[in-house]
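Work through the following exercises with the sequence and the model open side by side. Each task is followed by a solution that goes step by step.

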Amino acid sequence: MKKEHIRNFCIIAHIDHGKSTLADRFLEHTHTIEMHTVDQILDDMDLERERGITIKAHAIRMKYNYKDKEYTFNLIDTPGHVDFSYEVSRSIAACEGAILLVDASQGIEAQTLSNLYMAVENNLEIIPAVNKIDIPAAEPDELKEELAELLGVSEDEVLLVSAKEDIGIDKLLDAIVEEISAPLSKYSETRALIFDSQYNQYRGVVVYIRVFDGALHKGDKIKFFSTDNIFEIEDIGHFGLKMEPCEKLMAGEVGYIIAGVKQVREAKVGDTITLADNPTSHPLKGFKHPKPMVFSGIFPMDGANYNNLRDALAKFQLNDTSLVYEPENSLILGFGFRCGFLGLLHLEIFKERINREYGISIISTTPSVEFIIKKKNGDEITIDNPAQMPEQVEIESIKEPIMDCEILVPTEYIGNIMKLAQERRGVQKNMEYIDKKRVSIHYEFPLIEILFDFYDKLKSVSRGYASFDYEYREHRIADVQKVDIIVNGEKVDAMSFIVHSDKAYSWGKSITEELKKVIPKHLFKIAIQAAVGNQVIARSTINALRKDVTAKCYGGDITRKRKLLEKQKKGKKRMKEVGNVSIPQEAFLAVLKADRS
């Protein structure tokens with residue numbers, strides 16, 4: 001195959017802007033699949049189709065005839081959420097061009113802009129396209145002007161398409177040939193980028209690669225640059241609708257290799273593959289180890305499922321290198337695991353998949369983030385669980401993670417956004433007007449402030465128009481403290497959380513109020529308290545369930561009733577001292593729903 005007839009590209013789009021539907025139309029127009037046979041062929045998980053997001057990256061090879069020449073298109077699909085931004089960056093690095101797809105009714109979103117900047121940094125050719133032009137709320141002409149201004153191109157270069165109604169697809173395919181350049185080689189040594197990998201229970205890890213220089217043949221001994229591990233290629237091929245074996249992959253081609261790799265973590269996304277006999281001294285740039293940002297305790301609702309949960313986690317990790325876990329024990333919830341995730345969506349998807357694919361009902365504790373604690377004796381420790389927090393007298397300083405955030409919002413909601421940001425300890429860095437109607441505001445937020453209900457609040461104050469993107473910046477010293485939740489005198493370790501000292505009371509009060517609604521009444525009073533150290537800062541009380549012990553006294557002296565009431569009072573006092581409060585599973589969900597403003 002001639003290198004000048006290869007086009008490697010991806011589609012940059014926000015959640016639900018029609019990326020997967022457009023990919024389907026490409027497959028139909030290139031005769032890779034028959035017309036209108038199946039929808040969203042690249043999103044093969046039920047969860048992906050239900051939520052309208054791509055969770056796992058995919059790649060597919062298509063053949064397209066243009067002016068009597070056959071071109072090979074490699075579409076490298078990308079995950080569609082900010083939690084997976086590193087995977088998106090590696091998919092973008094494997095391409096020479098990108099289609100910038102924008103919904104005609106919703107316009108450019110913050111995450112789309114962030115991925116666009118990433119593509120521009122990688123010197124990709126950008127093909128702007130406005131999708132869903134057929135819907136009544138569409139404003140294609142305004143968006144054409146906006147995209148042309150953003151990219152510094154003429155409005156004629158912005159294509160109008162409707163993936164659903166099959167409008168303008170051929171023009172877009174022609175533009176891929178005309179606008180996107182063929183791949184180039186820089187070095188004589190072999191270099192290939194791993195942009196994804198997937199575990200196959202029969203064949204081990206299938207590594208998705210883009211060859212930049214040289215060639216890879218079946219039987220070659222290869223080396224993974226970050227680990228120095230050496231493997232032999234057992235199978236090599238391209239991506240059609242199924243994997244299509246071949247003898248070699250040349251520079252510029254996209255495909256897969258199977259080389260007896262046992263674990264996905266050995267084939268790390270972003271790593272460079274080279275030949276073991278003639279290794280390159282120039283690895284491809286941009287490799288990073290995925291770093292979990294959000295941590296939560298995962299416990300089976302039924303303790304008998306502990307071993308099943310452990311096996312499920314091990315299988316889940318085979319396909320998801322970013323998931324980390326270790327055993328954890330809770331006084332209330334029993335045995336479980338402390339898991340690390342890329343973000344809240346990653347956690348949400350994990351819980352849903354464990355339930356669906358493995359049939360295990362689980363409960364998660366309040367999500368936390370990683371804090372760096374410097375002790376007065378000079379030691380420095382990193383904690384991701386409030387239970388690991390040392391005593392206050394031992395601590396010299398605590399650093400919390402700070403995120404660089406971008407909020408895209410119509411100009412009339414700027415005041416609402418600023419008020420919300422102020423409540424969440426946001427520091428405004430700058431503000432840029434994208435056009436007359438919309439503005440991009442850059443903030444620094446502590447991760448703990450945007451972890452829970454921030455996105456919901458953001459959508460609420462902007463009537464659904466604001467979009468949000470973030471990435472990790474640094475750890476910074478902050479005045480934070482651990483708040484314990486105490487139910488009937490017993491600390492509930494799974495409900496403890498770390499918060500800024502200014503918000504300890506409001507968060508504590510909100511959680512005690514929520515717990516009051518879901519913990520059932522007992523025959524004695526129950527105190528629900530939030531405490532910092534030994535000091536109680538908030539309290540809610542669940543009144544006792546009244547039993548009418550005087551019902552059987554239908555007459556006689558009043559002293560008989562008093563005697564029974566006194567006896568009941570003593571019994572309740574004794575019960576309060578020895579009785580246990582049953583905390584239902586809903587209580588842990590109530591903690592997550594508590595107002596954090």
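**Exercise 1.** State how many bridges join E1 to E3, and whether these strands run parallel or antiparallel.

*Solution.* Strands here are DSSP runs (E, at least two residues) and helices are DSSP runs too (H or I, at least four residues), both numbered from the N terminus. Two strands pair if DSSP finds at least two bridges between them; E1 and E3 are joined by four bridges and run parallel. Within this pairing, Asn8 stands opposite Asn74 in E3. This is a predicted model, in which local features need pLDDT of at least 70 and side-chain atom pairs count only at pLDDT 80 or more, whereas totals for chains, interfaces and linings use all residues. Residues are numbered from 1 along each chain as its sequence is written, and side-chain values use heavy atoms, with hydrogens and water left out.

**Exercise 2.** Trace the other partners of these strands, and explain why one side of E2 and of E6 is left without a neighbour in the sheet.

*Solution.* Begin with E2, which is joined to E3 by eight bridges in an antiparallel arrangement; the two form a hairpin with two residues between them, and Lys67 in the turn has a positive phi of about 55°. Tyr66 stands opposite Lys69 in E3. Next, E1 (residues 6-12) runs parallel to E4 (residues 97-103), the two being joined by four bridges, and Cys10 has Ala98 in E4 as its bridge partner. The whole is an open sheet of six strands with mixed pairing, in the order E2-E3-E1-E4-E5-E6. Because strand E2 (59-66) and strand E6 (159-160) stand at the edges, each has a single partner strand, so one side of each lacks a neighbour in the sheet.

**Exercise 3.** Determine how many residues of strand E3 are buried.

*Solution.* Buried means under 20% relative accessible area, exposed over 50%, and partly exposed in between, with a 1.4 Å probe and protein chains only. By this criterion six of the eight residues of E3 (residues 69-76) are buried, which leaves the strand mostly covered.

**Exercise 4.** Identify the residues with the most contacts inside the largest nonpolar core.

*Solution.* A nonpolar core is a set of buried Ala, Val, Leu, Ile, Met, Phe, Trp, Tyr and Cys residues joined through side-chain atoms within 4.5 Å. The largest has 56 residues, and Ile407, Ile450 and Leu515 have the most contacts inside it. Strand E23 (residues 395-410) supplies the largest share, six residues. Apart from this core lies another, of 39 residues, which includes Met118, Leu124, Phe212 and Leu408. Finally, turning to helix H11 (residues 504-518), its buried residues include Trp507, Ile511 and Leu515.
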